[in-house]
Amino acid sequence: MPSAHPSPDHSVQTLYTEHHGWLQVWLRRRLGCSHSAADLAQDTYLRVLLRPQVLPTLREPRAYLTTLAKGVVSEHWRRQALERA
């Protein structure tokens with residue numbers, strides 16, 4: 001018998017399917033590089049996987065992804081600055 005609540009994996013799959021393209025475009029606009037955008041989109045979804053407890057109550061998926069992606073982008077720029085130093 002199917003569960004009344006989707007499993008976290010199903011929620012991640014749905015989130016990925018419905019918003020991955022949008023997230024990559026959002027990241028590409030900020031980074032100016034489609035390859036970096038693709039990498040950081042995957043890093044963002046990794047963070048989603050590390051916090052499955054958030055998914056059942058998620059009401060604004062793009063706002064949530066934006067918040068996570070901003071942190072990923074910040075870390076990316078910090079790493080780049082360290083590499084240049």
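These legends accompany several close-up views of a predicted model.

**View 1. The overall fold is built from helices, with three of them and zero strands.** The protein has 85 residues, and 32% of them are buried. Its accessible surface comes to about 6,000 Å², with carbon and sulfur atoms holding 54% of that area. Among contacts with a separation of 6 or more, 62% join residues 24 or more positions apart.

**View 2. The largest nonpolar core brings together 18 residues.** Within this core, Leu23, Leu27 and Val48 have the most contacts. Which elements give two or more residues to the core? They are helix H1 (8-31), helix H2 (34-50) and helix H3 (61-84). As a general background to this view, nonpolar side chains in soluble globular proteins tend to be buried together.

**View 3. Here we zoom in on Leu27 and the residues it touches.** Leaving aside residues up to four places away in sequence, Leu27 touches Ala37, Leu40, Ala41, Ala69 and Val73. Leu27 is also one of the residues with the most contacts inside the largest nonpolar core.

**View 4. Pro52 sits in the loop between H2 and H3.** Why does Pro52 count as partly exposed? Its relative accessibility is 31%, and the partly exposed class lies between the buried limit of under 20% and the exposed limit of over 50%. Take a look at Val12 as well: Pro52 and Val12 are 40 residues apart in sequence, while their C-alpha atoms are 8.0 Å apart in space.

Terms used:
Residues are numbered from 1 along each chain as its sequence is written. This is a predicted model: local features need pLDDT of at least 70, side-chain atom pairs count only at pLDDT 80 or more; totals for chains, interfaces and linings use all residues. Side-chain values use heavy atoms; hydrogens and water are left out. A nonpolar core is a set of buried Ala, Val, Leu, Ile, Met, Phe, Trp, Tyr and Cys residues joined through side-chain atoms within 4.5 Å. Buried means under 20% relative accessible area, exposed over 50%, partly exposed in between (1.4 Å probe, protein chains only). Helices (H or I, at least four residues) and strands (E, at least two) are DSSP runs, numbered from the N terminus. Contact means heavy atoms within 4.5 Å. Accessible areas come from the Shrake-Rupley method with a 1.4 Å probe; for residues, only the protein chains shown count as cover.
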